[in-house]
Amino acid sequence: MIKIICVGKLKEKYWKDAVLEYSKRISKYTKIEIIEGDSIIVSKGFSGQLNIRWYPEYLESPKCIWNSDNNYVIRIDELSGAYLARSIGQSIISVKCADLPLTAECLIMVKSIETQNIEMAVKEKEMSVGDEYRLSVFFYPENASSKDLYWSSSDSNIASVDNNGKVAA
């Protein structure tokens with residue numbers, strides 16, 4: 001810890017200038033941390049930005065390089081810290097300051113987006129014997145992770161449906 005003792009009557013402006021001038025002489029970073037925390041949970045497709053805080057704070061922002069240990073899950077821009085959650089899973093994001101022995105890490109967990117609702121594109125369809133029609137649906141939210149459907153007919157003697165939603169009358 002550095003202690004500066006002011007002797008005499010200095011105006012506040014001069015006192016701040018003296019502390020700032022002395023602080024400029026101390027140019028050793030002591031710590032960096034990721035502002036967003038040690039862990040984050042996001043949804044697939046989410047894009048965000050990680051930022052650092054450095055100590056002592058009066059020093060200029062250090063030049064840092066960002067890295068993802070799993071680029072399949074999280075792709076991160078190595079200079080800016082901007083990231084994209086590409087798939088479900090987790091990735092440890094690390095940031096290292098150039099020419100300094102300082103690093104920080106953040107675990108980003110990418111979770112699935114649950115389907116809230118499914119709506120049929122066509123509510124009713126009249127068909128004749130021998131006709132075929134492909135069913136389609138809308139998922140909500142549109143970016144839901146799972147869009148698997150299992151089709152069935154309540155009476156396959158009247159109309160049957162295959163695994164792809166094709167109805168045969």
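Analyst: Two bridges join β13 to strand β14 (residues 166-168), and these two strands run antiparallel. Strands here are DSSP runs of E with at least two residues, helices are runs of H or I with at least four residues, both numbered from the N terminus, and two strands pair if DSSP finds at least two bridges between them. This is a predicted model, in which local features need pLDDT of at least 70 and side-chain atom pairs count only at pLDDT 80 or more, while totals for chains, interfaces and linings use all residues. Residues are numbered from 1 along each chain as its sequence is written, and side-chain values use heavy atoms, with hydrogens and water left out.

User: Which residue is the bridge partner of S160 in β14, and what is the order of the open sheet of three strands?

Analyst: Strands of a sheet pair through backbone hydrogen bonds, either parallel or antiparallel. In this model S160 has A168 of β14 as its bridge partner, and the open sheet has the order β11-β14-β13 with antiparallel pairing. Because β11 (132-134) and β13 (160-161) each have a single partner strand, they stand at the edges, and one side of each is left without a neighbour in the sheet.

User: How should I read the two faces of a strand, and which residues of β2 are on its covered face?

Analyst: In a regular strand the side chains alternate between the two faces of the sheet. Strand β2 (residues 39-43) has I40 and V42 on its covered face, whereas S39, I41 and S43 are on the uncovered one. β2 pairs in the parallel sense with strand β9 (residues 103-111) over five bridges, and K111 in β9 is the bridge partner of S43.

User: Is S68 buried or exposed, and which residues is S68 in contact with beyond its neighbours within four places in sequence?

Analyst: Buried means under 20% relative accessible area, exposed over 50%, and partly exposed in between, with a 1.4 Å probe and protein chains only. S68, which is found in strand β5 (residues 64-68), has a relative accessible area of 4% and is therefore buried. Leaving aside those neighbours, S68 is in contact (heavy atoms within 4.5 Å) with I74, I76, S91, I92 and I93. The side chains of S68 and S91 are joined by a polar contact of 2.6 Å, a polar contact being a pair of N or O atoms within 3.5 Å in which, within protein, one must be able to donate a hydrogen and the other to accept it, and residues adjacent in sequence count only if both atoms are side-chain atoms. The side chain of S68 also reaches the backbone oxygen of I74 at 2.9 Å.

User: How many salt bridges does the structure hold, and where do E33 and R53 lie?

Analyst: Side chains of opposite charge can pair when their charged atoms come close. The structure holds four salt bridges, each a side-chain nitrogen of Lys or Arg within 4 Å of a carboxyl oxygen of Asp or Glu. In one of them, the closest N and O atoms of E33 and R53 are 2.9 Å apart; E33 lies in strand β1 (residues 31-34) and R53 in strand β4 (residues 52-55), 20 residues apart. K31, E33 and R53 are linked in a network of salt bridges. Another salt bridge joins the side chains of K166 and E132 (3.8 Å, N to O); K166 lies in strand β14 and E132 in strand β11, so the pair ties together parts that are 34 residues apart in sequence.
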